[in-house]
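Please read the following account with the structure open beside it.

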Amino acid sequence: MTNNFAILLILISKLCIIFIMKKCIIIINELSGNSNRVNSDTLKSVFGDGFEVDTFAITQKTVLSDLSEYDRIVFCGGDGTLNGIMNCSKKSDAEIIYCPSGTLNELATGNSNRSSYVLRDAGKADNKLFSYVFACGIFTPLGYIVKNKNKKKFKMLAYVAKVVSQYKLYDIGAKLEIDGKAEEGKYTLIMAIDSPKCFGFKFNKMFKLDDGLLHVLTIKTPKHRGLLGKIAIFFPLFRAFFIGFKKPYRSKRMFFDKCEHLNVELCHETDFCADGEKMTMDGKFDVQPVRLQNPVQIVSQRDIVKMAKENMKY
């Protein structure tokens with residue numbers, strides 16, 4: 001009788017553990033440029049201890065919309081994958097752990113002095129979050145036109161191969177209000193950025209992690225078109241991305257400064273790049289910094305391997 005009672009208690013305790021055990025999902029974007037470096041068993045050993053673990057591999061263009069059943073969300077991919085996870089439904093207290101495995105990983109590599117850190121601030125355009133950049137105009141389609149198979153095969157060269165074709169003028173008619181100051185015109189580039197880095201250039205030297213600010217860069221379209229226009233636009237691009245900004249800058253053609261609130265009114269439908277994902281906008285909308293309800297814990301592949309070797313649990 002005593003033995004039966006003990007067995008019953010053991011069974012009840014095991015059932016209780018099953019029902020109260022927290023859930024973790026490990027998502028691997030196999031389309032990302034460096035997904036071949038990701039080991040799912042290593043991820044499970046480091047991040048799955050004490051959790052009921054599900055795994056999911058992204059093998060085609062997928063929009064993840066609901067992860068609200070999970071207490072811990074671990075994912076490997078690039079900036080676009082991060083953008084998707086940030087914008088899907090989640091528990092308000094879910095842990096978000098990002099293990100960069102993309103081609104450029106501009107958000108993660110922008111803070112290269114930190115191999116692992118916590119991202120608490122981001123940007124919001126209309127009702128969609130972005131982790132580091134929201135931009136339209138010259139070169140911005142590079143984020144979403146390069147094919148995944150080329151990124152996996154040629155890495156950064158896949159982007160470089162498209163640079164010449166994307167060196168072209170834009171006529172983006174817009175009215176902008178930057179912290180209450182209005183300007184309007186035709187723009188070749190409109191960019192809101194929350195990172196020191198974009199297009200591979202670490203140009204935003206005013207950036208501070210989680211400072212509650214965005215930075216806005218605008219470049220107006222020159223009067224000339226064709227070759228003369230391309231020559232004219234080269235100089236502000238060089239000034240912006242090769243020299244960079246340590247302080248606010250304003251000229252006849254270019255503007256750069258910190259920003260707490262940007263209001264945009266577009267003259268026509270325009271494609272934006274939000275963390276490497278295409279986002280089509282029209283009419284009026286707001287862009288502003290936000291505090292993330294679910295901070296993103298960024299853990300480098302190097303640190304994951306180190307934890308696995310030392311049998312450490314996250």
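**Salt bridges and a helix pair**

In this predicted model, a search of the whole structure finds nine salt bridges. Three of them are followed here in turn, each with its place in the chain and the exposure of its partners.

The side chains of Asp54 and Lys23 form a salt bridge, with 3.8 Å from N to O. This pair connects distant parts of the chain: Asp54 belongs to strand β2 (residues 51–58) and Lys23 to strand β1 (residues 22–29), 31 residues apart. Asp54 is partly exposed, because its relative accessible area is 24%. Lys23 has a relative accessible area of 18% and therefore counts as buried, the cut-off for burial being under 20%.

Lys91 and Asp71 also meet through their side chains in a salt bridge, at 2.9 Å from N to O. Here, too, distant parts of the chain are linked: Lys91 lies in the loop between α3 (79–86) and β4 (95–100), while Asp71 lies in the loop between β2 and β3 (72–77), 20 residues apart. With a relative accessible area of 27%, Lys91 is partly exposed. Asp71, at 17% relative accessibility, is classed as buried.

A further salt bridge joins Asp121 to Arg291, whose closest N and O atoms are 2.9 Å apart. Asp121 sits in strand β5 (residues 117–125) and Arg291 in strand β16 (residues 284–298), so that the pair links distant parts of the chain, 170 residues apart. How do the two partners stand in exposure, buried or exposed? Asp121 is buried, because its relative accessible area is 5%. Arg291, by contrast, is exposed, because its relative accessible area is 57%. Salt bridges with shared partners also join Lys23, Asp54 and Glu69 into one network.

The second topic is the packing of two helices. Two packed helices are described by the angle between their axes and by the distance between those axes. Helix α2 (residues 40–47) packs with helix α9 (residues 301–309) at an angle of about 70°, and their axes are 9 Å apart. Because of this angle, α2 and α9 are roughly perpendicular to each other, a class that covers 65 to 115 degrees. Their crossing is left-handed. On the α2 side, the contact is made by Thr42, Leu43, Ser45, Val46 and Phe47, and on the α9 side by Ile304, Met307 and Ala308. Sorted by class, the contact of α2 with α9 has six nonpolar and two polar residues, with no charged residues.

Definitions and conventions. Residues numbered from 1 in each chain as written. Predicted model: local features only at pLDDT ≥ 70, side-chain atom pairs only at ≥ 80, totals over all residues. Heavy atoms only, no water. Axes fitted to C-alpha atoms, helices over the stretch in contact; angles between N-to-C directions. Helix = DSSP H or I, 4+ residues; strand = E, 2+ residues; numbered from the N terminus. Parallel < 35°, antiparallel > 145°, perpendicular 65-115°, else oblique. Left-handed = near helix turned anticlockwise from the far one by under 90°. Contact = heavy atoms within 4.5 Å. Nonpolar A, V, L, I, M, F, W, Y, C, P; charged D, E, K, R; others polar. Salt bridge = Lys/Arg side-chain N within 4 Å of Asp/Glu carboxyl O. Buried < 20%, exposed > 50% of the residue type's maximum accessible area, 1.4 Å probe, protein only.
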